[in-house]
Amino acid sequence: MKTRIIVSGLLTFFCAVTFAQSPFDGLTESDLAEGEKLFRVHCARCHGIDGGGGEGSNLARSKLKYAPDDESLIRLLGEGIPGTGMPEIWTLDVHQATQVAAYVRTLGQLEEEEMPGDPQRGALVYQSPGGCPACHIVSGHGSGVGPELTDVGDRRGIEYLRESLVDPANAQSQTMGYQDFLTVRATTSEGQVEGLRINEDAFSVQIRDVGGTVHSLRKDDLVEFEKVFAHSLMPEYGGVLTGRDMDDLISYLMSLRAEQ
Ligand code: HEC
Ligand code: HEC
């Protein structure tokens with residue numbers, strides 16, 4: 001019901017600014033309803049049923065990093081975001097992409113996902129000895145094998161963040177269809193390297209090991225090359241962190257954003 005009211009409010013808004021030439025010009029309420037249906041089919045499994053995020057970013061925000069305006073939002077759906085887990089949604093034609101995009105913009109008018117704890121306390125949990133900075137970089141601090149977390153609050157939603165801490169192998173396997181992260185083991189005549197694959201083409205592969213060193217290997221030199229599915233180099237924190245520490249840490253991760 002709340003959504004409906006906001007949606008019609010937004011339609012009035014669209015109509016009021018029609019002279020400003022928007023790709024949403026001429027869309028009706030039934031286009032938005034269609035956009036919502038398409039969102040459930042094509043986007044919800046990654047972005048959450050209400051767009052609050054999961055494996056994909058929280059879209060219930062008034063500003064989106066990759067989609068500063070409505071044209072770029074529509075284009076993004078056709079092209080995906082190369083090098084990330086956002087695929088091109090090639091099953092949508094331009095009209096459908098416009099309907100979904102208009103619906104996505106209405107999500108930005110809704111309330112943001114609530115934090116379960118205190119992000120400032122979470123920052124201390126994050127930095128506690130032997131912890132996360134050994135494997136992750138946040139705004140230039142830290143090192144290691146894991147992906148940079150500087151804007152992880154933009155890229156991932158609360159449930160996925162929790163899963164990453166409690167059951168990292170499972171969180172990783174959710175993204176694996178799109179191969180955001182993949183653990184690989186490469187054996188050369190000199191020994192074995194295990195780590196996160198950061199790049200691979202027909203001739204070479206780059207692997208970051210647990211110490212943070214990047215190894216660039218020619219495939220010709222490999223005796224064996226193994227992709228280790230559903231295996232994470234990250235420890236499980238479910239049994240290590242108490243409920244409150246966990247909630248605070250997740251809140252800290254949610255607060256890591258490129259733009260406030
Ligand atoms: C397989 C999972 C997946 C599907 C399906 C998917 N997305 Fe995404 N999407 C992602 C991920 C992951 C990101 C974050 C990319 C990054 O920043 O690393 C993302 C990013 C985005 C962004 C950019 C957000 C920003 O902050 O600028 C938009 C917009 C978006 N998706 C919209 C959609 C829409 C609309 C659909 C359905 C038509 C969709 N996505 C389907 C995974 C998915
Ligand atoms: C030994 C190294 C290591 C440590 C320590 C570690 N991580 Fe990770 N982390 C990784 C790796 C590697 C990945 C990539 C996905 C995978 O392999 O599971 C990852 C993935 C993540 C992700 C998902 C990122 C994304 O974009 O999907 C989050 C969030 C995360 N780690 C948070 C943390 C936090 C918070 C801590 C401390 C409590 C921590 N990690 C400690 C190695 C580590």
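Which residues does Val 100 touch, leaving out those up to four places away in sequence? I'm working from a predicted model here. I looked up the contacts and got Gly 35, Leu 38, Phe 39, Cys 43, Leu 77 and Leu 92 for Val 100.

Next entry, the core. Val 100 turns up again in the largest nonpolar core, where Val 100, Phe 39 and Val 104 have the most contacts inside the set. I noted 26 residues for this core. Then I checked which elements give two or more residues to it, and found helix 2 (29-42), helix 4 (70-79) and helix 5 (94-107). Helix 5 gives the most, with 7 residues. I also found a second, separate core, this one of 19 residues, with Leu 165, Leu 249, Leu 253 and Met 254 among them.

On to the second largest pocket. I wrote down about 570 Å³ of space for it. Its lining has 31 residues, and His 136, Gly 146, Pro 147, Ser 164 and Met 234 are the closest to the pocket centre. I went through the elements that give two or more residues to this lining: helix 7 (152-155), helix 8 (158-166), helix 9 (168-175) and helix 10 (243-255).

Which helix gives the most to that lining? I got helix 8, with 4 residues.

Last check, the make-up of the lining. I sorted the residues of the second largest pocket's lining and ended up with 21 nonpolar, 8 polar and 2 charged.

How values were computed
Residues are numbered from 1 along each chain as its sequence is written. Chains are lettered from A and ligands numbered from 1 in the order in which they are written. This is a predicted model: local features need pLDDT of at least 70, side-chain atom pairs count only at pLDDT 80 or more; totals for chains, interfaces and linings use all residues. Side-chain values use heavy atoms; hydrogens and water are left out. A nonpolar core is a set of buried Ala, Val, Leu, Ile, Met, Phe, Trp, Tyr and Cys residues joined through side-chain atoms within 4.5 Å. Buried means under 20% relative accessible area, exposed over 50%, partly exposed in between (1.4 Å probe, protein chains only). Contact means heavy atoms within 4.5 Å. On a 1 Å grid over the protein atoms alone, a cavity is a set of points where a 1.4 Å probe fits but cannot get out, and a pocket is an open set with protein on both sides within 12 Å along at least five of seven lines; lining residues have an atom within 4 Å of a point. Grid points are joined across faces, edges and corners, and a volume is the space filled by probe spheres set on the points. Ala, Val, Leu, Ile, Met, Phe, Trp, Tyr, Cys and Pro count as nonpolar, Asp, Glu, Lys and Arg as charged, and the others, Gly among them, as polar.
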